[in-house]
Amino acid sequence: MRLKKCAERSRKNKVQRPIVICGAGVAGLSLGIKLRLLGLDPILLEKDAGVKPFIRGEYFQPGSIQKLKELGVYSRLLERNAIRIDRVSHLYRNLFGNKVRRFVAFLGDLGPGIHGLSVLHEDILRVFRDRYEELGGRLSDSTSVSGLSLNPHSCTVEVGTEKVEAQLFLGCDGKAGVTRKLANIPSHSVKVDSQTRVMIAGLVKGLRIAKNEFLTAETPAGVLYAFHCNRGDIRVYLCVSKSRYDHLKSDLKQNFLACLQSSIIPGSADAALTAPLWVMPSMDRMATARAKMRAVWLGDAAGTVDPLCGHGMNLAIQHACKLAELISQNGSALECETDSMEWLAQIKKFDRATRRDYLHTRFMGIWVANLFMQDSKWFRLAKKRAISRYQKDARLLNHLMGLFAGMNKDSFGFQDLPYLLGILGSRRRDQIMSLPLVQKSAPIQNALLTTPIPLFKYLFKSRFDLKTE
Ligand SMILES: Cc1cc2nc3c(=O)[nH]c(=O)nc-3n(C[C@H](O)[C@H](O)[C@H](O)COP(=O)(O)OP(=O)(O)OC[C@H]3O[C@@H](n4cnc5c(N)ncnc54)[C@H](O)[C@@H]3O)c2cc1C
């Protein structure tokens with residue numbers, strides 16, 4: 001009934017067929033807000049009844065901040081006590097594995113106003129929802145999309161027994177990708193093996209961490225991330241390999257605390273959990289296509305990326321803004337029931353560009369994870385070298401940011417950069433620094449120097465160990 005009412009309102013507003021967004025997560029809400037800001041009137045359908053408390057993305061990378069401002073949610077997040085993170089610290093042991101060192105970087109040194117943001121996912125969704133509704137956006141909770149059929153000029157969206165003819169279907173329904181499967185678009189997934197990573201998330205009290213700090217630390221089991229949560233306590237993510245997790249899971253709570261205590265984070269001896277642990281396999285999965293005729297998928301529905309890089313929300317927001325602009329530019333062609341050629345050409349380009357972003361982020365996630373989880377002497381050497389490089393040469397860091405960022409120069413996780421620096425040998429470093437392209441343009445650097453790597457890796461992997469669901 002709800003769906004029909006929404007469609008009737010579209011007709012009253014003289015829009016014949018509505019734009020339907022499926023899923024009110026970060027991707028769907030960003031898309032809804034941006035479309036409203038561009039003067040369009042989508043219908044947002046959410047299967048759950050309102051916002052549920054659960055653990056999801058809680059750290060916005062610096063690359064998201066500009067977009068959050070553009071959507072008009074940034075100051076509202078700060079009103080919810082969102083914590084500005086402008087310092088990155090890493091605790092590590094020296095080459096012989098005993099003395100503990102601390103590496104600190106200030107994001108502000110990389111450019112004015114560069115910082116990340118820590119906010120509970122529940123609060124993020126509330127702020128995004130408020131903003132969408134304030135702009136007059138239509139949101140229908142407890143409405144689950146159950147069917148979808150596509151043709152080049154329109155699509156039919158089913159909710160239970162109701163059917164609505166829409167001009168566009170925007171799938172933001174999360175990692176299960178149900179609507180993508182309804183459109184017969186499978187996903188590539190990497191085989192689960194002993195190297196697959198598992199993320200264990202906990203809320204902890206007792207740690208002594210500066211409020212503006214994103215702290216990473218090594219433990220014998222894996223890597224820990226810790227930062228303040230906007231509602232008090234400290235969010236800790238422990239990322240371990242699947243084989244390690246199989247050992248930990250017999251008494252997860254106890255083992256999680258033991259890992260935390262062995263991490264040498266100040267105050268870890270007194271650490272105590274304040275909420276149940278949340279376990280999530282860090283499975284990379286990417287749709288074989290992100291668009292088909294009059295349907296486009298975004299966020300986790302298009303592909304999940306390794307949480308080690310903390311980029312899921314970043315990709316979702318960036319792609320939502322890009323897509324909303326594309327829709328607004330093609331408004332008249334989309335309303336028309338016959339002329340789709342221009343739209344189809346544009347959406348193909350969008351598909352290619354977003355695929356590149358996913359591949360890039362996935363590649364970085366795997367790379368960073370390997371570095372974090374390797375404990376051999378070679379890797380310790382690489383880390384040591386990376387850190388001293390970073391401390392010597394902040395200009396190089398800026399260039400590398402361009403090289404590794406994928407979409408724009410500050411979208412990559414700063415906390416991981418010291419490791420990346422360690423990978424480049426000094427000869428290669430000078431070569432890269434002297435490339436005129438490197439010195440001139442971040443987008444060209446990205447296109448020329450980073451894209452082929454994940455792309456080749458992806459092509460290589462798809463021959464050997466990627467399977468299609
Ligand atoms: C433990 C953990 C930590 C993470 N940490 C970070 C981080 O620090 N930084 C970061 O950027 N990212 C992080 N991520 C990833 C990030 O949370 C996701 O990439 C992001 O939330 C994806 O948003 P989304 O809107 O695509 O999907 P979701 O948030 O999954 O939203 C999908 C929505 O669609 C709805 N839905 C599903 N099916 C239907 C249907 N049939 N009809 C209608 N509605 C439907 C769902 O109810 C849901 O509300 C983390 C993820 C996890 C699990």
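Author: D233 sits in the loop between β16 (222–228) and β17 (234–241). Here strands (E, at least two residues) and helices (H or I, at least four) are DSSP runs, numbered from the N terminus. Residues are counted from 1 along each chain as its sequence is written. Keep in mind that this is a predicted model, where local features need pLDDT of at least 70 and side-chain atom pairs count only at pLDDT 80 or more, while totals for chains, interfaces and linings use all residues.

Although D233 is not a glycine, its phi is positive, near 60 degrees. D233 has 17 other C-beta atoms within 10 Å, so it is partly exposed. On this scale a residue is buried with 20 or more other C-beta atoms within 10 Å of its own, exposed with 12 or fewer, and partly exposed in between, with the C-beta atoms placed from the backbone.

Now step back along the chain. β16 forms a hairpin with β15, and three residues lie between the two strands. Their pairing is antiparallel, over four bridges; two strands count as paired if DSSP finds at least two bridges between them. In this pair, A217 stands opposite L224 of β16. β15 covers residues 213–218, and five of its six residues are buried.

β15 has another partner too: with β5 (residues 87–93) it pairs in the parallel sense, over five bridges. A217 turns up again here, as the bridge partner of L91. As a rule, side chains in a regular strand alternate between the two faces of the sheet.

N184 is no glycine either, and its phi is positive, about 60 degrees. It has 9 C-beta neighbours inside 10 Å, so N184 counts as exposed.

β9 pairs with β10 (residues 154–159) over five bridges, and S149 stands opposite T156 of β10.

Finally, what surrounds the ligand? There are 35 residues around it, and G23, G25, G174, G299 and G312 come nearest. A residue is near a molecule if its C-beta atom, placed from the backbone, lies within 6 Å of it. Domain 1 (2–52 + 64–71 + 121–189 + 285–358) and domain 2 (83–118 + 192–281) both contribute to this shell, so the ligand lies between them; the domain bounds come from an automatic or database assignment.

α2 (26–37), β14 (197–205) and α9 (312–329) each give at least two residues to the shell. The largest share, four residues, comes from α9. As for α2, 11 of its 12 residues are buried, among them V26, G28 and K34.
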